[in-house]
Amino acid sequence: MNKIISKEHFSEKVFKLVIEAPLIAKSRKAGHFVIVRVGDKGERMPLTIASADPVKGTITLVVQEVGLSSTRLCELNEGDYITDVVGPLGKATHIENFGTVVCAGGGVGVAPMLPIVQALKAAGNRVITVLAGRTKELIILEKEMRESSDEVIIMTDDGSYGRKGLVTEGVEEVIKRETVNKCFAIGPAIMMKFVCLLTKKYEIPTDVSLNTIMVDGTGMCGACRITVGGKTRFVCVDGPEFDGHQVNFDEMLKRMGAFKDIEKEEIHKLDAEKPATCEATKEPDSRDAEWRANLRKVMKPKERMAISRVKMNELDAEYRSHSRKEEVNLGLNEEQAVTEAKRCLDCPNPTCMNGCPVGINIPKFIKNIERGEFLEAAKTLKATSALPAVCGRVCPQEKQCESQCTHLKAGHEAVAIGYLERFAADYERESGQISVPEVAEKNNTKVAVIGSGPAGLSFAGDMAKQGYDVTVFEALHEIGGVLKYGIPEFRLPNKIVDVEIDNLSKMGVKFIKDCIVGKTISVEDLESEGFKGIFVASGAGLPNFMNIPGENSINIMSSNEYLTRVNLMDAASEDSDTPVTFGKRVAVIGGGNTAMDSVRTARRLGAERAMIIYRRSEEEMPARLEEVKHAKEEGVEFLTLHNPIEYIADEKGRVKQVILQKMELGEPDASGRRSPIAIPGATETIDIDMAIVSVGVSPNPIVPSSIPGLELGRKGTIAVNENMQSSIPTIYAGGDIVRGGATVILAMGDGRKAAASMHAQLSQK
């Protein structure tokens with residue numbers, strides 16, 4: 001948490017807050033912003049940093065009470081703590097000696113303009129600042145602006161101070177009297193639009209700052225996307241400053257109003273609230289251990305193969321389609337688990353282990369279940385897997401370990417390895433006898449992990465076992481990465497993830513939240529603090545879009561944005577400040593697990609018609625068969641061999657229809673799946689009020705772009721060798737930032753491989 005050092009009341013609803021944030025103060029540059037959250041159910045809110053004092057370790061924010069979230073922040077007082085302050089984010093303002101520069105600031109936009117004015121003046125520019133507000137009370141930071149400007153012009157709508165008129169009148173007055181080489185404009189979107197229309201007429205380059213609504217602020221969700229020069233850009237990573245003459249302000253204004261109606265209702269929450277204040281003996285691993293040899297004698301292999309695979313109990317489909325946080329799969333009971341464990345042949349050559357990216361000793365943990373030693377089974381899992389309860393729920397075992405089970409060769413169903421993994425991990429947790437893996441004596445060597453998703457947690461666990469001092473840096477306010485923001489609780493309850501993370505903490509792993517490596521701190525900072533090795537596991541959270549007409553209409557969002565709002569921010573709950581749209585006719589574009597998570601979530605949020613639109617056939621869908629089955633049972637429609645080619649919006653800019661191109665399958669592509677081909681003239685238009693785009697993600701650029709000399713792959717991934725080592729010897733990487741997109745278990749496998757390689761390297765020193 002970040003302490004409020006001082007609070008100043010600028011005007012009726014505008015406050016200046018000085019906040020303790022030493023790391024941000026040290027790294028901040030003109031143009032940077034932070035994400036602020038007040039309360040555990042608070043919304044993530046972008047605010048530009050007005051100034052910073054690296055010596056005192058403080059940053060200054062100027063906040064105007066507009067909606068629920070900003071009001072909650074402004075109700076805090078000196079000495080109170082803000083739940084989360086994350087940053088600095090965005091790209092710094094490009095500063096050079098342009099010549100004569102006009103800086104137009106409107107309302108609270110004057111605050112982020114101040115550091116830009118100061119930097120421009122320091123670079124040798126002649127700076128003329130135009131301050132604008134509706135009334136005298138809304139003119140802020142005048143004294144500070146006069147100290148850093150060659151001239152200050154003040155405009156008020158009512159003429160109560162300075163000159164009566166709009167900001168554009170003050171700007172045009174300067175343009176007409178002298179040559180202006182550059183203009184900066186920050187303030188309400190409508191103000192920036194008209195300043196840009198004016199300067200475009202006079203051919204004066206103009207930069208604007210566009211802190212639109214955001215959810216994560218790190219390029220993960222796509223909520224802040226805008227159109228610049230005909231291309232979609234993300235404000236949080238590509239901006240926040242852009243060429244104002246290229247910005248589609250009309251589209252931006254519509255998108256800014258996407259949650260206006262919801263926010264009007266949310267603000268009434270304040271009326272009903274008080275003011276905010278804020279050790280068992282080890283068994284050998286060998287198959288020849290006496291207890292395992294005795295188990296094999298109990299039943300003949302033929303008898304074991306005759307046992308039918310158990311069926312997982314599930315919640316009723318109709319009931320669960322309206323229950324957002326109750327887990328669909330109910331797990332196995334003890335009798336079911338022992339019966340399924342008996343199906344395992346304890347093969348001399350366990351091919352199932354070849355299909356496990358983290359190398360779990362599968363026969364050993366299953367045979368422990370067969371003999372009733374459930375806690376020993378859990379210990380076996382945790383010897384190699386940092387997240388057994390998670391993997392037992394979300395990993396595609398049918399494509400990995402189970403796909404190489406000996407039973408399949410005989411025409412039988414594979415042993416339910418995933419079910420048994422979940423059972424053992426759940427049994428241990430519910431027993432209250434949670435074991436902590438053995439940790440070697442501390443070696444006093446510090447290693448850093450960037451990102452707390454599956455790859456980062458797996459790496460952290462293995463390095464902690466080797467005695468390293470491990471610190472995990474997470475950009476968001478929750479630990480878990482995609483396990484928290486991307487996977488709904490009806491598939492993976494948060495309490496399951498939290499127990500796994502707590503186990504890592506008991507092993508000595510330290511977690512630092514709200515810290516963006518590449519923004520808050522740099523890799524150079526980590527190295528100067530004594531970290532001898534760094535593992536980058538920052539993920540691939542930058543969402544892809546299709547770039548088709550109308551895609552930036554209101555109520556079209558990425559799966560990352562939608563799931564982050566609902567999962568991480570709990571936006572569907574009445575006590576959450578974060579808004580979310582409750583669509584009635586929802587189209588989800590894509591056929592992967594994330595698409596299934598999105599459409600099943602929409603169904604639970606009240607969608608009367610929830611549709612999967614996928615350009616190939618169902619056989620080519622990458623989603624797990626279980627997820628497809630569950631979605632169908634819950635009433636989801638599947639429009640396969642259809643592909644969106646255009647969205648149509650109503651007069652308010654809200655999507656109302658999607659035009660679908662009908663497809664047919666051609667020859668297989670490089671991935672082995674048959675390529676979809678458009679059928680000429682065959683289209684279909686359907687009514688929708690919401691679309692969720694789930695067509696893949698790209699690597700998050702913040703970390704890779706911040707490390708000089710780091711070799712990148714063609715699509716912005718980090719290039720690594722077979723040992724997960726990057727072009728910089730002390731930096732390793734794994735998971736989606738290397739693969740571009742993968743499963744939880746593959747990311748964990750990368751983490752384990754990187755840990756082994758880094759340990760070998762550091763042990764030689």
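## Close-up views of domain contacts and salt bridges

**View 1. Domain 1 and domain 5.** The centres of domain 1 and domain 5, taken over C-alpha atoms, are 36 Å apart. The model is predicted: local features need pLDDT of at least 70, side-chain atom pairs count only at pLDDT 80 or more, and totals for chains, interfaces and linings use all residues. Residues are numbered from 1 along each chain as its sequence is written, and side-chain values use heavy atoms, with hydrogens and water left out. The domain assignment places domain 1 at 3-89 and domain 5 at 542-697; such bounds come from an automatic or database domain assignment. In this view, 9 residues of domain 1 are in contact with 7 residues of domain 5 (contact: heavy atoms within 4.5 Å).

**View 2. Area buried between domain 1 and domain 5.** About 650 Å² is buried between these two domains, and carbon and sulfur atoms give 48% of that area. Buried area is the accessible area (1.4 Å probe) that two parts lose on being put together, summed over both. Of the area that domain 1 buries against domain 5, Lys41, Glu43 and Arg44 supply 72%, more than any other three residues.

**View 3. Salt bridge between Asp577 and Arg72.** The side chains of Asp577 and Arg72 form a salt bridge with an N to O distance of 2.4 Å. A salt bridge here is a side-chain nitrogen of Lys or Arg within 4 Å of a carboxyl oxygen of Asp or Glu. Between domain 1 and domain 5 the count is 2 salt bridges. Helix α2 (residues 68-75) gives 3 residues, the largest share of the side of domain 1 that touches domain 5. Helices are DSSP runs (H or I, at least four residues), and strands likewise (E, at least two), numbered from the N terminus.

**View 4. Salt bridge between Asp525 and Lys26.** The closest N and O atoms of Asp525 and Lys26 are 3.6 Å apart. Asp525 is buried at 15% relative accessibility, whereas Lys26 is exposed at 53%. Buried means under 20% relative accessible area, exposed over 50%, and partly exposed in between (1.4 Å probe, protein chains only).

**View 5. Salt bridge between Asp502 and Lys506.** The closest N and O atoms of this pair lie 3.4 Å apart. Asp502 and Lys506 are 4 residues apart in helix α21 (residues 494-506), so about one helical turn separates them. Asp502 is partly exposed, at 38% relative accessibility.

**View 6. Salt bridge between Lys632 and Glu618.** Here the closest N and O atoms are 2.8 Å apart. Lys632 is in helix α25 (residues 625-633), and Glu618 is in the loop between β24 (609-614) and α25. Both residues are partly exposed, Lys632 at 40% and Glu618 at 31%.
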